[in-house]
Amino acid sequence: MLYLNADNIKEIGTAWDVLTGVIENSVHALNQNDFSQPIKPYLRYGDAKNRIIAMPAYVGGNAPLAGIKWIASFPDNIYKNKLRANSVTILNEHDSGVPICVINTSLISAVRTAAVSGVLIKEYIKVSDKNRDLHVSINGFGPIGRTHLQMVTSLLGDRIEKIYLYDINGIDIDTIDSAYKHKVVVASSWEEGYAVSNIYITCTVSDSPYVDKPPVKGSLQLNVSLRDYKTSIRQYIDVMVVDDWDEVCRQNTDIENMHKQVGLQKSDTVSIADVVCREALKGQDESAVFMFNPMGMAIFDIAIGGYYYQEAMSKGVGSIMPN
């Protein structure tokens, strides 16, 4: 069995065009019902904001694979010099169930999360003004925010005019890659970037919503952290996208709150499969606002894990664990 850690994942690297392609292939498997993904259970004890989540899945397509991710999220870890999220992913051969790889790092979750966001960005770019320079804002600059910065600069390149970064704990500009540091604005509030950005990405650990202002017309709102937008935002969203309604409409997410408080229904949303396979963003007015709410699908974790497993095997990266 192969064992991979964070250093191994970094050694293989993040080819974002390839990684978003892995997600797109998984979405097509999802669309063809070539997958299995039970609703993930949440294990809670002690402080209610802490959780450990089991994410089993099978994803078919050209590289079928099964497995499970076991991820713990303890928000207060950031005050204890520990990672907020810690996870282990186990991959199994799809036809035998034999375990073939253990990936012991939360980095794989950050990569998956950013790759899924990247798929939505690519779909958004297809329908947005091709001549418009883009302003991107990332609210929250922990591991997820930093990984999103790597992704957007890789995918969008010179189309980005400014990148607004905000974190309640501050941002060290010296940690920003020199290749795009000249485009970075360290914002004084979340509102600063939100008011001017075509792509606004929440990567916080907020446990209660606060975003209550109208978004920029024609923008993409990537609600990655799921608990940042007040229900009043619903009135400004033209296309509400979810990865999976049954997953995301629970656990006090913004989608669940919109469902309970302002009557948002599954029929009012489109899925990531609708966007990728049926061009659900196409045909909207140029002022239309899109919002994506991803709870996180286990099939994407298994697919991304499978990509790193194959890359590691071909490049001789990682350690072989004895049976």
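Good morning. The secondary structure of this protein comes to nine helices and 16 strands, where helices (H or I, at least four residues) and strands (E, at least two) are DSSP runs numbered from the N terminus. Its radius of gyration is 19 Å, close to the 20 Å that the globule rule gives for 323 residues, so the protein is as compact as a globular protein of that length. That radius is taken over C-alpha atoms, and the rule is 2.2 Å times the number of residues to the power 0.38.

Two remarks on the source. The model is predicted: local features need pLDDT of at least 70, side-chain atom pairs count only at pLDDT 80 or more, and totals for chains, interfaces and linings use all residues. Residues are numbered from 1 along each chain as its sequence is written, and side-chain values use heavy atoms, with hydrogens and water left out.

Let me continue with the overall picture. Along the principal axes, the C-alpha atoms fill a box of roughly 55 × 45 × 45 Å. Of the 323 residues, 55% are buried; buried means under 20% relative accessible area, exposed over 50%, and partly exposed in between, with a 1.4 Å probe and protein chains only. Among contacts with a separation of 6 or more, 66% join residues 24 or more positions apart, a contact being heavy atoms within 4.5 Å.

I turn to the aromatic residues. The structure holds six aromatic pairs. Rings of Phe, Tyr and Trp (its six-membered ring) pair if their centres lie within 6.5 Å; planes under 30 degrees apart count as stacked, over 60 as edge-to-face and the rest as tilted. Why is the pair of Y124 and F290 edge-to-face? The ring centres are 6.2 Å apart and the planes stand at 75°, so the pair falls in that class. Y124 lies in helix 3 (residues 107–127) and F290 in strand 15 (residues 290–293), so the pair ties together parts that are 166 residues apart in sequence. Both Y124 and F290 are buried. Y307 and Y308 form an edge-to-face pair as well, at 5.0 Å centre to centre and 75° between the planes, and these two residues are also buried.

Next, consider T105, in the loop between strand 7 (99–104) and helix 3. Is T105 buried or exposed? Its relative accessible area is 8%, so T105 is buried. Not counting residues up to four places away in sequence, T105 touches N5, A6, I9 and S87. From T105 to Y124 there are 19 residues in sequence and 30 Å in space, C-alpha to C-alpha.

With a relative accessible area of 15%, A85 is buried. Leaving aside neighbours within four places in sequence, A85 is in contact with I71, A72, S73 and S106. The C-alpha atoms of A85 and L107 are separated by 9.1 Å, although these residues are 22 apart along the chain.

Finally, helix 7 (residues 254–262). Which of its residues are buried? They are D254, I255, E256, N257 and M258. These buried residues pack against strand 13 (239–242), helix 6 (245–248) and strand 15. Strand 15 is also where F290 lies. Just after helix 7, G263 takes a positive phi of about 80°. Thank you.
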